[in-house]
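How do the labels on a structural model follow from its numbers? Please go through them one by one.

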Amino acid sequence: MTETESTINMENLNLEGEIETPNKVNSNSNSNTKSPPKSDSAFNLGMFSSVPSLDSLKPTEWVSKRRENLKPWTEFASFSKFKKPATPGQFGSRLFKNILYFQSNYLFVFVFLAIYCVLTSPLLLFAFIAFAGGLYIINLKYKEGSLKIFGKEMGLAQLYTGVGICSLPLFLIAGAGSAFFWIIGASIFVIILHASFYSRDEQEDPFMVQMNVV
């Protein structure tokens, strides 16, 4: 290449443009990078937004729903439907299905056993009467006006809590702990016995049959 041609090539070179500084390059690269994904804690909290609060739960509505789901006692105590489960799979299937079907009836069985336990224990019955009487008297006094203890105005919930604490030694003397465990144990025994032996037009579950064959 001659000296004249090299001179012409140098003149044709286009040196126009901007040279990016390191800071500008870093800023562009940061703008192009994707932002980290947002935490889905808001979604997790939103899942619990539909859960009803304790304030929205009304005892009267809950009791009315239990009564609506109550199955006829003639069906519950139909002796012709009591059959011994043939296989362990049938035992588990009956137990699961009958507990779901008779859940309100089983709840009333639990309440009946609790009432029976209280009525057959004079000390425990006296403790419950004293506790209920204390709550009733406080409710009447509170309607007449605010109650003050040691010069401090007390709310109704605080007064109820005080009655419960004062009644606790009486319940312990009456044997409320052993009575509670007796009610729980007797309820579980009766529910499992009834649910496992009650045959409600059942059909063999294919999965259970396969498990029994294996």
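Residues are numbered from 1 along each chain as its sequence is written, and side-chain values use heavy atoms, with hydrogens and water left out.

Q: What is the average pLDDT of the protein chain?
A: The average is 74, and 64% of the residues score at least 70. pLDDT is the predictor's confidence in each residue, from 0 to 100.

Q: Which contacts does the model have for residues 3-8 beyond four places in sequence?
A: There is one such contact, and pLDDT stays under 50 over this stretch. Residues 24-55 also have pLDDT below 50, with three contacts beyond near neighbours in sequence. A contact means heavy atoms within 4.5 Å. Where pLDDT is low, the predicted coordinates should not be read in detail.

Q: How do you know that the span of α10 agrees with its 22 residues?
A: The expected span is 1.5 Å times one less than the number of residues. For α10 that should give 32 Å, and its end C-alpha atoms are 32 Å apart, so the two agree. Helices (H or I, at least four residues) are DSSP runs, numbered from the N terminus. α8, with 23 residues, reaches 33 Å, close to the 33 Å expected.

Q: Which residues of α10 are called buried?
A: They are A179, I183, A186, S187, I191, H194, A195 and S196. Buried means under 20% relative accessible area, exposed over 50%, partly exposed in between (1.4 Å probe, protein chains only). These α10 residues pack against α5 (73-76), α6 (88-101), α7 and α8 (122-144). In α8 the buried residues are L124, A127, G134 and I138.

Q: Why is F181 called exposed?
A: F181 has 61% relative accessibility, so it counts as exposed. F181 is found in helix α10.

Q: Why is I184 called partly exposed?
A: Its relative accessibility is 30%, so I184 counts as partly exposed. I184 also lies in α10. Its C-alpha is 7.9 Å from that of F110, 74 residues apart along the chain.

Q: What makes up the nonpolar patch on the surface?
A: F91, F110, V111, I115, L119, F180, F181, I184, I188 and I192 form the patch, with about 900 Å² of accessible area together. α7 (103-119) and α10 (176-197) are the elements that give two or more residues. The largest share, five residues, comes from α10. Patch residues have over 30% relative accessible area and no salt bridge, and nonpolar side chains (Val, Leu, Ile, Met, Phe, Trp, Tyr) are joined within 5 Å. A salt bridge is a side-chain nitrogen of Lys or Arg within 4 Å of a carboxyl oxygen of Asp or Glu. Accessible areas come from the Shrake-Rupley method with a 1.4 Å probe.

Terms used
Predicted model: local features only at pLDDT ≥ 70, side-chain atom pairs only at ≥ 80, totals over all residues. Patch = residues over 30% accessible without salt bridge, like charges linked within 9 Å, V, L, I, M, F, W, Y side chains within 5 Å.
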